[in-house]
Amino acid sequence: MSNPPTIALIAGEDSGDQLGADLLDALRARYPGARFVGIGGRRMMARGFESWFDIRELSVMGFAEVVKHLPRLLKLRKALMRRLLETRPDVTIGIDAPDFNLGVERRLKAAGLATVHYVSPSVWAWREKRAEKIGQSADRVLCLFPMEPPIYAKHGVDARFVGHPLADTFPMVSDRTGARDALGLPHDAPVLAVLPGSRPSEIERFGAIFIEAARQLAGAMPTLRIVVPAANERVHARLAALLAGFPGTPPLLTDGHSHEAMLAADVVLLASGTATLEAMLAKRPMVVGYRVSPTSYRIAKLMRMLKTDVYSLPNILARACGLGQERLVPEFMQDDCTAENLVAATQALLADNERRGRIVAAFEFLHDALRGGLEGHAADHAADAIADFVKAPKA
């Protein structure tokens with residue numbers, strides 16, 4: 001009998017922890033006796049994962065932020081590499097966090113260990129030639145978007161489309177009534193969900209802009225109900241401070257429940273990122289804004305790193321899936337991300353039922369595209385793609 005396999009996973013933040021937990025379930029179904037080690041969060045540890053370091057050590061975004069924390073990250077990576085080389089897992093899976101994980105994977109691959117990178121970096125937006133370098137780190141890249149594997153194929157990199165896990169989470173037809181009941185929101189009032197980021201650093205950079213936009217919208221529309229889901233305790237505290245003294249009916253500030261908030265809303269006002277994909281899958285028209293640190297933005301502009309003029313995932317997917325060049329979602333980046341711009345775009349959407357209907361139809365088409373015709377859950381397809389590197393027989 002072969003020894004039970006050891007499988008290493010390295011998750012970099014909360015979203016990676018969720019991906020890792022689902023993947024761990026799928027892998028454990030195939031390898032019941034496997035040992036799972038590396039870096040993970042509370043969801044992964046609840047499934048018996050052995051986390052060697054605190055996942056919060058890797059939750060850093062942007063050039064400037066990474067530079068600030070670089071000595072600590074390098075020390076962490078050195079310690080992690082030492083343990084991985086001592087353990088010699090059957091396969092190491094870097095889950096997102098490419099700035100950290102690709103370096104780890106490259107060193108492991110050079111040492112003769114199998115590596116997989118789960119969640120392709122945005123090669124369609126940031127220097128396509130990165131695909132070739134990613135292939136130097138990962139024996140296989142697992143892609144969430146159907147347009148990604150052909151890009152890797154041009155550079156001789158083994159990449160597999162496994163479907164997007166979020167496409168499994170949302171039904172094709174959403175339940176607004178049930179979501180409003182769950183949150184205690186009225187059925188007959190317009191509802192706006194406001195999600196100004198899931199990290200404290202995002203709330204610091206532009207949270208006040210989003211909340212000011214919400215204030216102006218509430219002043220212009222007295223019947224408007226606003227719900228603001230907080231991703232965690234630290235974000236909740238910052239949002240509560242920003243919402244102090246809100247005029248009229250105070251927004252509903254919730255702990256979590258972001259999906260319910262989106263489903264309950266007529267329009268979602270949110271920060272660019274994975275949340276825009278969630279709003280798309282909830283079939284909710286949205287207005288998107290975002291600001292990175294000025295230093296990060298200047299570096300990206302100076303190095304001409306961005307290869308697309310759209311930023312939010314629904315707009316990128318709409319173009320990739322043949323829905324035309326027009327922006328499906330209003331988006332305001334960097335200096336354009338102002339309360340005035342967010343208010344004007346949100347008011348226009350709330351006032352135009354026909355436009356919202358067209359957007360919903362487009363989102364349904366894109367939801368189907370993210371399933372890619374695959375049967376079953378994305379985590380199972382990812383586990384199947386990883387099984388090629390595990391020596392032990394499957395259960």
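Helices here (H or I, at least four residues) and strands (E, at least two) are DSSP runs, numbered from the N terminus.

The structure is a predicted model, in which local features need pLDDT of at least 70 and side-chain atom pairs count only at pLDDT 80 or more, while totals for chains, interfaces and linings use all residues. Residues are numbered from 1 along each chain as its sequence is written, and side-chain values use heavy atoms, with hydrogens and water left out.

Helix 9 itself spans residues 176-183, and A179, R180 and L183 in this helix are buried. Buried means under 20% relative accessible area, exposed means over 50%, and partly exposed lies in between (1.4 Å probe, protein chains only). Seen down the helix axis, the buried residues fall within an arc of 100 degrees, so they line one face of helix 9; the arc is that of the directions from the helix axis to the C-beta atoms. A general rule is handy here: an α-helix has 3.6 residues a turn, so residues three or four places apart point the same way. The buried residues of helix 9 pack against strand 8 (191-195), strand 9 (225-230), strand 10 (252-255) and helix 12 (258-264). At the N-terminal end, D175 caps helix 9, with a side-chain oxygen 3.4 Å from the backbone nitrogen of T177.

R180 also takes part in a salt bridge, its side chain meeting that of D266 (2.9 Å, N to O). R180 lies in helix 9 and D266 in the loop between helix 12 and strand 11 (267-271), so the pair ties together parts that are 86 residues apart in sequence. Both R180 and D266 are buried. A salt bridge is a side-chain nitrogen of Lys or Arg within 4 Å of a carboxyl oxygen of Asp or Glu.

Across the whole structure, a search finds 15 salt bridges. One of them joins the side chains of D384 and R30 (3.0 Å, N to O). This pair links distant parts of the chain, with D384 in helix 18 (residues 378-387) and R30 in helix 1 (residues 14-30), 354 residues apart. D384 is partly exposed, with a relative accessible area of 37%, whereas R30 is buried at 14%. Another salt bridge is found between R358 and E354 (3.5 Å, N to O). These two residues are four apart in helix 17 (residues 353-371), a separation of about one helical turn. E354 counts as exposed, at 59% relative accessibility. Salt bridges that share partners also join R140, D158, R160 and D388 into one network.

T92 has its place in strand 4 (residues 91-95) and is buried, with a relative accessible area of 1%. Contact means heavy atoms within 4.5 Å. Leaving aside neighbours within four places in sequence, T92 is in contact with A8, I10, L84, L108, A114, T115 and V116.

N101 lies in helix 5 (residues 98-110) and counts as buried, at 0% relative accessibility. With neighbours within four places again left aside, the contacts of N101 are I10, G94, I95, D96 and H117. A polar atom of the N101 side chain lies 2.9 Å from the backbone oxygen of D96, and the backbone oxygen of I95 lies 3.4 Å from a polar atom of that side chain.

Note on methods. Polar contact = N/O pair within 3.5 Å; in protein donor to acceptor, adjacent residues only side chain to side chain.
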